[in-house]
Amino acid sequence: MPASSVAPSVTHRPFDPFLTQPITGADNFQLLLDRHMRKQGQQGNVVRLELRLAPSADLEQLRGHVQRNGIFMLVRRIRLARPIARAPYWYQDKGADLPGGVEVRTAMDRADFEAVVLNRDLSLATGAAFIDLVAFNDGSKSLVISAHHALFDQRGMMNLARVLDPEGPGMGGEALFPEPSPEPWPKRLKHAVQVMFYMLGSPFWYLARLWVKGRPPQSGTRTRVLRFSASDTQIVDQQAWAQGARLGRSHYHLAATTMALRTVFMQRRERHPYFWVSMPLSRRPRGVRGHLLSNQLSFVFVRLHDQALGSVATSVASINEQIKEQIAAGLPAKYVSLLEVLRHIPLWWFGAMVNLPMRGAYASFAFSDIGEDHDELRTFAGVDVLEVLNYPPAPCPPGLTITFMRHAGELKVVLASVEEAISAQEMDLFERQLNALLRTGEHAS
Amino acid sequence: MSSNEQELAEELCAYLRSHVLAKQVSIDPDLPFAQLGIDSMSIIELVMYLERKHGVALPDKALHPENLRTAKSLARCAIQARADAVLPSR
């Protein structure tokens with residue numbers, strides 16, 4: 001969003017040394033995923049934002065700036081409290097000893113980058129954010145923000161990048177946390193029950209799932225990036241339009257992703273009645289940069305039956321219909337109500353409610369579409385930002401997360417996977433099929 | 001813009017003010033949605049609102065990016081769709 005369209009300062013909360021803030025329902029959901037991942041032996045629910053910088057970037061100078069950045073230090077002191085008689089809340093541990101939080105790495109190659117930076121674990125107990133400043137062997141440089149997803153949604157990550165920019169607007173008068181939701185409890189409970197009936201109204205037993213129990217997902221997250229030039233991105237967009245994605249390109253992206261994954265199951269000689277995917281939606285008020293910390297998310301849910309997956313056009317039509325139906329029914333807002341209610345039960349109970357109907361699968365795969373959000377990051381510390389990538393976590397199950405994003409008119413797709421759910425050879429197949437489906441609307445031969 | 005289109009465009013702006021935009025953010029019928037970070041899901045909400053409140057179902061061919069760019073263009077498109085539904089072309 002261009003800076004000129006951002007409204008002047010919003011609710012300004014000065015630095016509060018006795019800061020406490022209830023977690024949101026969406027924070028709680030991310031905590032659930034964190035618990036799910038750690039139980040399986042994976043690292044936690046960590047998201048990453050990579051800014052690939054022009055070679056003239058001075059990493060040592062940036063390190064100094066980050067180390068002196070008061071907001072960053074505050075973030076690293078945020079902790080989670082889970083009292084018995086009230087909803088969990090964030091607080092600032094002023095006594096926390098804060099070694100590090102930022103590292104400069106030189107002469108790194110991409111293999112080490114994945115192993116060391118993209119698999120860096122973060123715990124809420126020791127600091128919810130970390131900065132890697134990397135100089136690669138090929139001369140390129142990157143700044144990578146790793147942050148715990150329970151405290152940061154996508155918009156929050158972007159805001160943190162702006163706070164860290166020594167030539168940026170800092171907090172720009174924005175609040176640290178969102179305003180609490182004013183929904184009265186009777187209405188909130190009513191909406192929560194409506195959503196639960198909707199969710200439990202269909203059986204989940206037979207959804208397509210990659211990961212087979214018995215193979216603990218402990219090999220780490222593998223990452224691939226599909227990159228499209230500006231002209232190729234236009235071709236993809238034209239295909240999206242041609243295949244019926246009128247009210248959002250993400251419907252086309254999701255259709256292509258599902259059809260590509262179906263080929264992996266066909267190679268396994270498996271046929272499943274349907275795929276089940278949730279798509280996160282930002283519930284942040286628009287038109288402002290917004291708060292830094294805490295998630296404001298909801299979801300829409302898509303069930304793609306095998307019959308619909310015969311072509312991209314029929315897949316898109318099915319997605320269009322389901323999303324319109326859910327938005328017409330006000331489901332995204334009601335899902336927020338459900339998540340708010342679920343803050344008040346222990347995580348193990350919340351987990352059981354999700355696991356039982358789905359036999360622990362959560363979804364056939366994880367999917368999100370960031371759109372053009374990254375476009376506002378064109379410079380950092382006075383140098384050009386050549387590329388922006390968001391690396392999602394890959395909770396297993398399902399073991400595969402696909403995130404679409406754009407920067408400067410170029411589409412990028414980050415594929416995060418776990419070997420125990422989908423092998424490297426299967427990822428080659430998936431990547432090839434996804435590439436072809438996006439560009440042409442047809443499978444690769 | 002006709003007075004009907006103006007009225008509908010203002011109504012769409014009012015919807016965005018109460019359901020999508022932050023409290024102090026101003027919008028007028030000519031401001032591109034993209035400039036305020038109004039994404040495709042919010043535009044779906046507007047389209048569903050038109051269907052629910054005004055009984056206007058926008059045909060597929062009308063859901064062109066140019067028609068979904070501002071409150072004014074969406075209002076114009078909706079008025080046209082309503083007129084076409086009443087007087088279908090021969």
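Predicted model: local features only at pLDDT ≥ 70, side-chain atom pairs only at ≥ 80, totals over all residues.
Chain A is assigned two domains, domain 1 (15-164) and domain 2 (185-440). Their centres, taken over C-alpha atoms, are separated by 23 Å. Contact between the two involves 49 residues of domain 1 of chain A and 44 residues of domain 2 of chain A. On the domain 1 side that touches domain 2, at least two residues each come from helix H1 (25-39), strand E2 (46-53) and helix H5 (154-164) of chain A. The greatest contribution to this side is that of H1(A), with 12 residues. By residue class, the domain 1 side that touches domain 2 comprises 26 nonpolar, 15 polar and 8 charged residues.

The largest nonpolar core contains 144 residues. Helix H8 (residues 249-267) of chain A supplies the largest share of this core, 8 residues. Both domains of chain A take part: domain 1 (15-164) and domain 2 (185-440) each provide at least three residues. The residues with the most contacts inside the core are Ile145(A), Ala147(A), Met157(A), Leu160(A), Ala256(A), Val277(A) and Leu12(B). In soluble globular proteins, nonpolar side chains tend to be buried together. The contacts of Ala256(A) can be listed individually. Beyond its neighbours within four places in sequence, Ala256(A) is in contact with Val312(A), Leu434(A), Leu437(A) and Leu438(A).

Chain A also has an open sheet of 3 strands, in the order E1-E4-E3, with antiparallel pairing. Strand E1 (20-22) and strand E3 (78-81) of chain A are the edge strands, and each pairs on one side only. From one strand to the next, the twist averages 30°. E1(A) and strand E4 (residues 89-92) of chain A run antiparallel and are joined by 3 bridges. Within this pairing, Pro22(A) stands opposite Tyr89(A) of E4(A).

Val104(A) lies in another strand, E5 (residues 102-108) of chain A. Val104(A) has 13 other C-beta atoms within 10 Å and is therefore partly exposed. Setting aside residues up to four places away in sequence, Val104(A) touches Leu59(A), Glu60(A), Arg63(A) and Leu133(A). One of these contacts can be described by its separation in sequence and space. Val104(A) and Glu60(A) are 44 residues apart in sequence, while their C-alpha atoms are 7.2 Å apart in space.

Note on methods: Residues numbered from 1 in each chain as written. Chains lettered and ligands numbered in written order. Core = buried A, V, L, I, M, F, W, Y, C linked by C-beta atoms within 7 Å. Buried ≥ 20, exposed ≤ 12 C-beta atoms within 10 Å, placed from the backbone. Helix = DSSP H or I, 4+ residues; strand = E, 2+ residues; numbered from the N terminus. Domains from an automatic or database assignment. Contact = placed C-beta atoms within 7 Å. Pairing = 2+ DSSP bridges. Axes fitted to C-alpha atoms, helices over the stretch in contact; angles between N-to-C directions. Nonpolar A, V, L, I, M, F, W, Y, C, P; charged D, E, K, R; others polar.
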